[in-house]
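Please consider the protein chain shown below.

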Amino acid sequence: MCVRMTGKTHTAPEGRDFALRVMQRLNDKCQEWKEAEHISYSVYGTPMESTTYKFAKCLQKRFGIIPGVTDKNYITNSYHVHVTEKIDAFSKLKFESDFQRLSPGGAISYVEVPDMQNNIEAVLAVMQFIYDNIVYAELNTKSDFCGKCGYEGEIRIVTDDDGKLVWECPNCKTRDQEELFVARRTCGYIGTQFWNQGRTQEIKDRVLHL
Ligand SMILES: [Zn+2]
């Protein structure tokens, strides 16, 4: 929405100002409805599980491919910084906290991190920062397992001969979904089944924040 309306993402100052005003407007509307109807309306930072793909497809059909707006097979959830945008974990959490304040119905922020099993101090530093700066946030780490060869680490997404995104063990190269145990946070919860092509694309595009 920000890119379409301002030409910038909401991490740019003018985009941020616009995005916050939109969020405030949604909150004001909820307040108005609350008083009129005595029903507790609220703004919710939706995780949009499978809708991320469905909406992207519908928007493309209706408006065509608009660079930075409908050029992906997924749309970005609520106020989240785009998964491809390079930003460090602390800046991301601090930035998103202003939007959580305007999502009183519920919200969650994430930072993407590599396998952190050997860096507990860094995990604790991020947790402390979350505690001090933002209402609700989590770390997305990778702890996958290949049942075929016993590999532990990150199972990766590759493109097969038909152009489809598939998961592959970096060690034994198996693509057998029955053998691969992949856990990724896809919205509010961690999914261990496999995902549609839009969500798989979004997971593949994620940059690390730490
Ligand atoms: Zn393997």
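The points that follow are grouped by topic.

The model is predicted. Its protein chain comprises six helices and nine strands, and 24% of its 210 residues count as buried.

**Overall make-up**
- Along the principal axes, the C-alpha atoms of the protein chain occupy a box of roughly 60 × 45 × 35 Å.
- Of the contacts in the protein chain between residues at least 6 apart in sequence, 60% link residues at least 24 apart.

**A three-stranded sheet**
- Three strands form an open sheet in the order β4-β3-β7, and their pairing is antiparallel.
- The edges of this sheet are β4 (152-153) and β7 (180-181); each has a single partner strand, so one side of each lacks a neighbour in the sheet.
- In general, strands of a sheet pair through backbone hydrogen bonds, in either a parallel or an antiparallel manner.
- Strand β3 (residues 144-146) is joined to β4 by two bridges in the antiparallel sense.
- Asp144 lies opposite Gly153 of β4.

**The surroundings of His82**
- His82 is located in the loop between α3 (51-63) and α4 (89-100).
- His82 counts as partly exposed because 18 C-beta neighbours lie inside 10 Å, whereas a buried residue would require 20 or more.
- When neighbours within four places in sequence are set aside, His82 is in contact with Thr9 and Thr76.
- Ser50 is 32 residues from His82 in sequence, and the C-alpha atoms of Ser50 and His82 are 17 Å apart in space.

Technical notes. Residues numbered from 1 in each chain as written. Predicted model: local features only at pLDDT ≥ 70, side-chain atom pairs only at ≥ 80, totals over all residues. Helix = DSSP H or I, 4+ residues; strand = E, 2+ residues; numbered from the N terminus. Buried ≥ 20, exposed ≤ 12 C-beta atoms within 10 Å, placed from the backbone. Contact = placed C-beta atoms within 7 Å. Pairing = 2+ DSSP bridges.
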